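Visitor: Hi! Could you walk me through the cross-links and charge pairs in this one?

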Amino acid sequence: MLSLSGCGLLWSCTDSTAERGEAGARVEIVDEGEQPVGAIAEVTGWRREPHPQVPQEGDQVHFGIRFEGGGQGRDPAVDACAVDEKRVVLGCQTVYSLMEFGRERSYTDDDYLAVDHPERVAEVVLIPNDQSAQDRRTCEDDIKDGGGVHPPDTPERGEQL
């Protein structure tokens, strides 16, 4: 009779989603465990104007963003959201930092947010949770390697931050 030790191990896969951090115009980016990743993101300004490539679509929200720090060898990404005066989401998108690995420096960019009612935008805020995780497999996708803590979902229109 032959017996192999260790064959009785059960694969234990659990999925969880990190809590969404508090949005702000300047945020310290945090990982899934709510630990700082070594980078800060800041909205440097915003205005309503047509996108130059599709001016016929009317006003969009043109905003500036700055990332500072090294990001601990990552290219951290945050969700940028246009909100009204009650912080109800009018539109969001993920913005990637494009920072150099591990170097302390600043990266500045601008982008456009398409929203249904740009005249209602009161502020552009950033969600501090790092959204750069490439592997978002779940236990359902891969019982052996998937699972773990995942970044929170991007806020949807109508949610209050």
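This is a predicted model: local features need pLDDT of at least 70, side-chain atom pairs count only at pLDDT 80 or more; totals for chains, interfaces and linings use all residues.

Visitor: Great. How many disulfides are there?
Guide: The count comes to 2 disulfides. Counting bonded cysteines along the chain, they follow the pattern 1-4, 2-3.

Visitor: Which cysteine does Cys13 pair with?
Guide: Cys13 is joined to Cys139, with an S to S distance of 2.1 Å. This pair links distant parts of the chain, with Cys13 in the segment before β1 and Cys139 in the loop between β8 and β9, 126 residues apart.

Visitor: Are those two buried or exposed?
Guide: Both Cys13 and Cys139 are buried.

Visitor: And what does the disulfide of Cys81 look like?
Guide: Cys81 is bonded to Cys92, S to S 2.0 Å. Cys81 sits in strand β5 (residues 77-83) and Cys92 in strand β6 (residues 89-96), so the bond ties together parts that are 11 residues apart in sequence. Cys81 is buried, at 0% relative accessible area, while Cys92 is partly exposed at 22%.

Visitor: What about handedness, left or right?
Guide: One of each. The S-S torsion of Cys13 and Cys139 is about -95 degrees, so that disulfide is left-handed. For Cys81 and Cys92 the torsion is about 115 degrees, so theirs is right-handed.

Visitor: Switching to charges: how many salt bridges are there?
Guide: There are 9 salt bridges in the structure. One of them pairs Glu159 with Arg20, at 2.8 Å from N to O. Glu159 lies in the segment after β9 (148-150) and Arg20 in the loop between β1 (15-17) and β2 (26-30), so they tie together parts 139 residues apart in sequence.

Visitor: How accessible are Glu159 and Arg20?
Guide: Glu159 is partly exposed, with a relative accessible area of 29%, and Arg20 is partly exposed at 30%.

Visitor: Which residue does Glu68 bridge to?
Guide: Glu68 forms a salt bridge with Arg26, and their closest N and O atoms are 3.9 Å apart. Glu68 is in strand β4 (residues 59-69) and Arg26 in strand β2, so the pair ties together parts 42 residues apart in sequence.

Notes:
Residues are numbered from 1 along each chain as its sequence is written. Side-chain values use heavy atoms; hydrogens and water are left out. A salt bridge is a side-chain nitrogen of Lys or Arg within 4 Å of a carboxyl oxygen of Asp or Glu. Helices (H or I, at least four residues) and strands (E, at least two) are DSSP runs, numbered from the N terminus. Buried means under 20% relative accessible area, exposed over 50%, partly exposed in between (1.4 Å probe, protein chains only). A disulfide is a pair of cysteine sulfur atoms within 2.5 Å.
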